[in-house]
Amino acid sequence: MARNTIRITAYALTATLVFSTFGMSAEASNASDSSVLPGGGVSLALSNGNKLEEVTNDVPTMPIESIIEWFQVEEQAESEPTEEDLFRNLVIAQVTNYVNVRSLPSEEGEILGKLYNNSVGTFISEENGWYQISSGSVTGYVKGEFCVTGEDAVELAKRVGKRIATVTTQTLFVRTEPSTECSILGMVPEADDLIVLEETEGWVKVDVEEGIGWVSTDYVSLHSEFVQAESKEEEERRLAKEEEERQKARAAAAQKAAESQQNAQNSAPAQNTQSYSVSGGSEMGQAVAEYGLQFVGYPYVYGGSSLTNGTDCSGFVMSVYANFGVSLPHSSAADRSQGYGVDGLENAQPGDIVCYSGHVGIYIGNGQIVHASNERTGIIVSNANYRNILAIRRIF
């Protein structure tokens, strides 16, 4: 699925913010306007005794992943708001799936869209226990008992939001310590998104394939990313587009699959696939996973895209899929928007693209990925949860 996200940027931050990656869930039994979305970590108990309205068990359980929008603070004459000031004005859904956004502050109002669990809107007003919000392209009312705002939203926003550093220079060095005098841990290309673990003056700690390191704030833009509401029209367009993309990818793959597998057998050691089991999912997804596995042991080259002479992580994914007639970008950040979203590793299938902070690989099943890891290891197989996963995308 696609996900509408909002980026919140504030200037002159006065405190160090550490964003954890665990989720939030809410117990909404006997409550209205909500349904089920899996969650973990902290659990919030909602009020009991209310009628459950429109429980939906067959809707997608992944918060929607689509076009990124910006909400950026304009410069002010006196002082700039901190990010915490902005968080106080958020309305964050705390339900087990989604809460309906309605045209009126009443259950009689028309349903305009869905605000998924841990998704956010901007507070406008309150009326009879309903919050009027603006979220993505939707402006309407959500029931206040299923949401958090004000002071309660500040800490919750830090947990459910992703703090992202986007690289703004062609090649960014990741240092072992927050100093240009320290050794280089690794390199990341322009436009890559890195998960921020810690912020200090002039430096941020980030998670990259080579490990935990530091990058200068002179060469990244910082923002907090949240999921926003999806309108009824956007949901219909998304579902239609996803089906269209699936059909195109399957048609292209069908034409290339036999040829690609034969080429792989001729150019790569066939024994590489014998140690790994690929099962489940679509036939095309399995073919992609098996094809990628045939290049295990070949070298990693930063900026490369040759499966035999050297490739980086996104070049590996791009080149594997190119052999099945599918064109993907040479960018791990851009891979986060390809295909459609998969809700959690437990639902991943062979051939899915698994996206990390500054990295990407191909799921092969059994909780594993094949990926071009780094210069030391080359193309290898790893456990898919060896690092925090940003997104899982399905092409077929």
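Biologist: At what angle do helix H4 and H5 pack, and is H4 parallel or oblique to H5?

Modeller: Keep in mind that this is a predicted model. Helix H4, residues 283–293, has its axis 10 Å from that of H5, and the two pack at an angle of about 120°. Because angles of 65 to 115 degrees count as roughly perpendicular and those over 145 as roughly antiparallel, that angle makes H4 oblique to H5.

Biologist: Thanks! Is the crossing of H4 and H5 left-handed or right-handed, and how many residues of their contact are nonpolar?

Modeller: The helices cross in a right-handed way. On the H4 side, Val 288, Tyr 291 and Gly 292 meet Phe 316, Val 320 and Tyr 321 of H5. In this contact no residue is charged and one is polar, while the nonpolar ones number five.

Biologist: How many residues of H5 are buried?

Modeller: H5 covers residues 313–322 and is mostly covered. Its buried residues include Phe 316, Val 320 and Tyr 321, which also meet H4. Of the 10 residues in H5, the number buried is nine.

Biologist: One more, please: does Ser 231 count as buried or exposed?

Modeller: Ser 231 sits in strand E19, residues 230–231. Setting aside neighbours within four places in sequence, Ser 231 is in contact with Leu 112, Gly 113, Ser 137 and Val 138. The cut-off for this class is under 20% relative accessible area. Ser 231 has 7% relative accessibility, so this residue counts as buried.

Conventions: Residues numbered from 1 in each chain as written. Predicted model: local features only at pLDDT ≥ 70, side-chain atom pairs only at ≥ 80, totals over all residues. Heavy atoms only, no water. Buried < 20%, exposed > 50% of the residue type's maximum accessible area, 1.4 Å probe, protein only. Helix = DSSP H or I, 4+ residues; strand = E, 2+ residues; numbered from the N terminus. Axes fitted to C-alpha atoms, helices over the stretch in contact; angles between N-to-C directions. Parallel < 35°, antiparallel > 145°, perpendicular 65-115°, else oblique. Left-handed = near helix turned anticlockwise from the far one by under 90°. Contact = heavy atoms within 4.5 Å. Nonpolar A, V, L, I, M, F, W, Y, C, P; charged D, E, K, R; others polar.
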